[in-house]
Amino acid sequence: MSYVDEVLAQVKEKNASEPEFLQAVEEVLNSLRPVIDANEELYRREAVLERITEPDRMIMFRVPWVDDNGQVQVNRGYRVQFNNAIGPYKGGLRLHPSVNLGIIKFLGFEQIFKNSLTSLPIGGGKGGADFDPKGKSDREIMAFCQSFMNELYKYIGADVDVPAGDIGTGAREIGYMFGQYKKIRGVFEGVLTGKGLTYGGSLARTQATGYGLLYFTREMLKSNNDDIAGKTVAVSGAGNVAIYAIEKAYQMGAKPVTCSDSTGWIYDPEGIDLALLKEIKEVKRARLTEYAAARPSAEYHEGKGVWSVKCDIALPCATQNELHLEDAKMLVANGCMAVAEGANMPTTLDATKYLQENGVLFAPGKAANAGGVATSALEMSQNSERLSWSFEEVDSKLESIMINIFHNLDDAAKRYDKAGDYVVGANIAGFEKVVTAMMAQGVC
């Protein structure tokens with residue numbers, strides 16, 4: 001049995017109840033086979049794969065807080081610090097009822113390679129809680145965030161672990177957490193990213209993941225002798241990533257025609273009205289039914305169905321495993337030429353395989369959506385230097401990072417005779433930097 005197969009079997013046995021984590025490990029390790037096979041004796045002796053698939057530590061804790069009715073509520077909080085071979089742990093805090101240890105481990109594992117691809121000195125980690133911010137008052141969210149930080153503060157720091165936002169964790173939540181950290185520790189440091197602009201946040205951070213996704217997609221198309229201008233784009237999600245992917249797509253001359261939330265989706269053949277979408281989602285925090293009510297050209301559909309729309313480019317920007325094999329078949333049948341992941345692992349393994357086998361350019365999330373964490377690292381740099389860069393300066397650095405990510409993974413794929421397989425390229429390029437650092441630092 002090969003070393004890869006041995007470790008995959010061990011990981012499956014030890015983590016049998018964590019399907020998302022197993023899916024991520026299987027995808028990464030299978031795509032690393034050319035690298036591992038070429039160095040099997042060394043990597044086996046040094047237990048490289050066992051070390052990289054086992055987190056440095058997993059922290060789980062109780063989060064008690066009081067709601068507006070005076071009732072005490074209890075949630076479960078997590079922080080998984082996966083690998084800090086190339087820098088402090090870095091990864092978001094997800095607040096959503098679906099959060100469990102397996103999901104946090106999957107996200108943290110993916111973060112190792114995503115952060116490595118940015119070429120910035122940041123390691124992989126992730127955290128969150130099974131708390132749902134939807135429908136909660138500002139006071140309730142503050143109560144939860146303060147209680148959450150009462151425990152998390154023990155394990156983080158500007159040079160140790162720097163959390164950021166994620167699903168359910170925006171500027172409001174980061175602000176409450178930062179204030180509590182500052183109060184407990186008595187220090188003002190860049191311990192969280194995604195902060196408000198008045199207290200150490202970075203311009204362009206809000207836009208970064210969506211913008212970065214489009215910078216990557218444009219470069220991928222360019223390298224395949226095509227252009228994004230004039231293309232019809234299907235987008236899922238209606239959060240930060242989706243909204244600013246739509247905004248940048250328009251700036252590049254494309255036409256986004258869909259978006260979605262947890263209850264339904266919109267098809268607007270005239271193109272998504274960005275101002276209306278921002279008003280509904282960023283200001284009112286309302287459902288997409290309001291979009292359809294205000295926009296005669298739009299169709300609203302309950303449930304799922306974004307990928308049934310004819311498009312040239314698909315950008316899944318909602319959540320993990322939202323694009324299934326049947327969706328992939330619809331995209332191919334409708335002439336879709338490229339899929340770029342704005343969310344973390346939104347495409348199932350069989351759907352990814354089908355898309356690649358049918359000639360669709362496929363950009364994995366660990367590369368295509370790395371703009372968010374890259375700009376978080378730029379925020380860390382600004383905090384360390386006590387500087388604030390202009391929007392244009394941050395955006396320019398972001399664009400360069402995303403272009404470099406594409407070419408690094410493209411080159412890695414070609415080196416191992418896997419030209420055009422950007423999943424393999426991303427995993428190899430991310431892995432090579434991390435494993436080199438791990439080996440240099442000894443068994444630790």
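In which order do the five strands of the open sheet stand?

Modeller: This is a predicted model, in which local features need pLDDT of at least 70 and side-chain atom pairs count only at pLDDT 80 or more, while totals for chains, interfaces and linings use all residues. Residues are numbered from 1 along each chain as its sequence is written, and side-chain values use heavy atoms, without hydrogens and water.

The order is β7-β6-β11-β12-β13, and the pairing is parallel. Strands are DSSP runs of E with at least two residues, helices are runs of H or I with at least four, and both are numbered from the N terminus; two strands pair if DSSP finds at least two bridges between them. The edges are held by β7 (255–256) and β13 (361–363); each has a single partner strand, so one side of each lacks a neighbour in the sheet. Strand β6 (residues 232–236) runs parallel to β7 and is joined to β7 by two bridges. Here Val233 stands opposite Pro256 in β7.

A helix pair may be described as well. Helix α6 (residues 101–117) packs against helix α18 (residues 422–440) at about 85°, with the axes 8 Å apart. Axes are lines fitted to C-alpha atoms, for helices over the stretch in contact, and angles between N-to-C directions run from 0 to 180 degrees. The two helices, α6 and α18, are therefore roughly perpendicular, a term for 65 to 115 degrees (under 35 is roughly parallel, over 145 roughly antiparallel, the rest oblique). In contact, meaning heavy atoms within 4.5 Å, Ile112 and Phe113 are among the residues of α6, and Phe431 and Val434 among those of α18.
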